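Please open the structure in a viewer and keep the selection tool at hand.

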Amino acid sequence: MLGRVFDAVRTVLFPRPRPRVTPRRALVLAHRGTDGRVPENTVKGCRLAVEGGADGFEVDLCMTRDGKIVLWHDCHPDALVAVVRQAGAEGRLFVPRVPEFGSELRKPVSQLLLSELLASHGYEAVDEVPPDLVDFDPEVDCRPALLDDLLDWAATERRARVLAFDVKLKPSERARLPSMVDTIAAALAARPVLADRRIFLLTVHREVYETMTAAVNGRSNLRSLVVVPDFELPGVMDFVARRPVRYVSLGINPRRAWASTRDDLVQVVHAREQGELDGVLVWTANGDKVLAELGKLAVDAVITDDVAAARRILDAEHERHVRLLERRERARIRIPDEKVR
C-alpha cells in the first residue's frame, strides 16, 4: 500500500516525459456501442455510432445457460454496479430493466436460458425518447441483442472496422470460455467478410485472459481474434514482461489519479514504439483534456461515450503532430544547404 501511495505522489510531482511517437490516427470506438441516445449494447446503437464517425464499437458479452452469446453488461443483476445502473445513477437516458428482487428470474445471465433472458430483460427510458429518433421502436430496440444480430449487421457495414468485445465471464466461469470461443469462431467463419476486421476480446480477469488465450491459440482460423488484458490499476508492464502480450487495454479509473494512469500509458506507448507491443486501447476516455493527451501519446484506439468529440480532438492532434514532423524534416534538409553557402 505504501508503495502505491509513493508511486502516486511521484507521478504527480515528477511525471514521466512523453515519449517521441510515430504519428497515427487513433481509432474511435463507441463505449458499450452507443452515443447515449439509444440503449447500450444494441445493434441500433452501434449503427448510429458508426454513422456518427466511430471506427467501431466496444460491447459487452455474456453467455446464457444454453450457450447463447448476448450483448449485456451486468452478468449478475445483484452486483453493486448493476444495482447502481438499474437505479439510473449513471445518468444515461436508458437503464437496464431486470426482474424485481425476489423473482426467480433475477439471477446471473449464465443461469438463464436465452428465452428467459429475452422475456425478462431489456432497457427502459428514464425520460422521453429523443424526438430525433424517428425510427426508434421500443419493442425492438430495447431488447437484448444477440452476438449473431450484431455480426449480421457488421458484415454489411464496412465502416465498422473494429469490433471490441468485453467478456463478462468471471474466473469461476472460465470452464465455459472454450465454448464461447468456439461459438465466436463459428459465427465469424459463417461471415467471411469479417476476416479483415480487427476483433478484440477484452477481460479484466487474468485467469480469463489465460484461458481465452489458450483457446484462441488452439485454433488456426482465429488469426483476426486478439485477446487483450485490461487494466484499471498499476502493474501493466509487469504483466507484459512475463507474457507474450501484443495489445493491452488501460482503463481510466475515476478512483485513480489521472497522473498515475498517464504514467502507465507513457510506459506502454514507449514499449509499443520499441516494438514490444502492437498497440494500446484506452477506455472510457471523455473530456477534452484527456482526449488531447491521448492524441499526443498517439494511442491506437480510444473507447469513448462521446464519439463526435473524440473524433474531432484526436484527428486535430494527429494533424498537428504530422505538421510538426514535416516542419522538422524540412528544417533538417535545409541545414546542410545553409552550411555550404
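The count of salt bridges comes to 38. The model is a predicted one, and every value in this tour is computed from it.

**First stop: arginine 85**

Select arginine 85 and glutamate 40, and display their side chains. The two meet in a salt bridge, with an N to O distance of 2.4 Å.

Aspartate 74 counts as buried, its relative accessibility being 7%.

Now widen the selection to Arg32, Glu40, Asp74, Arg85, Glu90, Arg92 and Asp305. A network of salt bridges links these residues.

**Second stop: arginine 191 and helix α6**

Move to arginine 191 and aspartate 148. Their salt bridge has its closest N and O atoms 3.4 Å apart. Arginine 191 lies in the loop between α7 (177–189) and β8 (198–203), and aspartate 148 lies in helix α6 (residues 147–154); the pair therefore ties together parts that are 43 residues apart in sequence. Arginine 191 counts as buried, at 13% relative accessibility, whereas aspartate 148 is partly exposed, at 37%.

Remain on α6 and select its buried residues Leu147, Leu150, Leu151, Trp153 and Ala154. On which side of the helix axis do they lie? They cover an arc of only 160° around the axis, and therefore lie on the same side of α6. To see what covers these buried residues, display α2, β2 (56–63), β3, β6 (145–146), β7 (162–167) and α7, which are among the covering elements.

Select aspartate 55, which is placed in the loop between α2 and β2. Aspartate 55 is buried, at 6% relative accessibility. With its neighbours within four places in sequence left aside, the residues in contact with aspartate 55 are Arg25, Ala26, Leu27, Val28, Leu29, Arg159, Ala160, Arg161, Val162 and Arg311.

Select cysteine 62 to inspect one case: the nearest cysteine sulfur belongs to cysteine 75 and is 5.4 Å away. Cysteine 62 is buried, with a relative accessible area of 2%. For cysteine 142, which is likewise in no disulfide, the nearest cysteine sulfur is that of cysteine 46, at 15 Å. Cysteine 142 is also buried, with a relative accessible area of 8%.

**Last stop: the pocket and the cavities**

Turn to the largest pocket, which holds about 990 Å³ of space. It is lined by 36 residues; select His73, Val81, Lys168, Glu232 and Trp283, the closest of these to its centre. The elements giving two or more residues to the lining are β2, α3, β7 and β8. Which element gives the most? That element is α3, with five residues.

Three cavities of 30 Å³ or more are found in a search of the whole structure. The largest cavity holds about 50 Å³ of space. To display its lining, select Thr34, Gly36, Val38, Pro39, Glu40, Arg92, Leu93, Phe94 and Tyr123. Glu40 and Arg92 in this lining also belong to the salt-bridge network visited at the first stop.

Definitions and conventions: Residues numbered from 1 in each chain as written. Predicted model: local features only at pLDDT ≥ 70, side-chain atom pairs only at ≥ 80, totals over all residues. Heavy atoms only, no water. Salt bridge = Lys/Arg side-chain N within 4 Å of Asp/Glu carboxyl O. Buried < 20%, exposed > 50% of the residue type's maximum accessible area, 1.4 Å probe, protein only. Helix = DSSP H or I, 4+ residues; strand = E, 2+ residues; numbered from the N terminus. Arc of directions from axis to C-beta. Contact = heavy atoms within 4.5 Å. Disulfide = S-S within 2.5 Å. 1 Å grid on protein atoms, 1.4 Å probe; cavity = no way out; pocket = protein on both sides within 12 Å on 5 of 7 lines; lining within 4 Å. Points joined across faces, edges and corners; volume = space filled by probe spheres on them.
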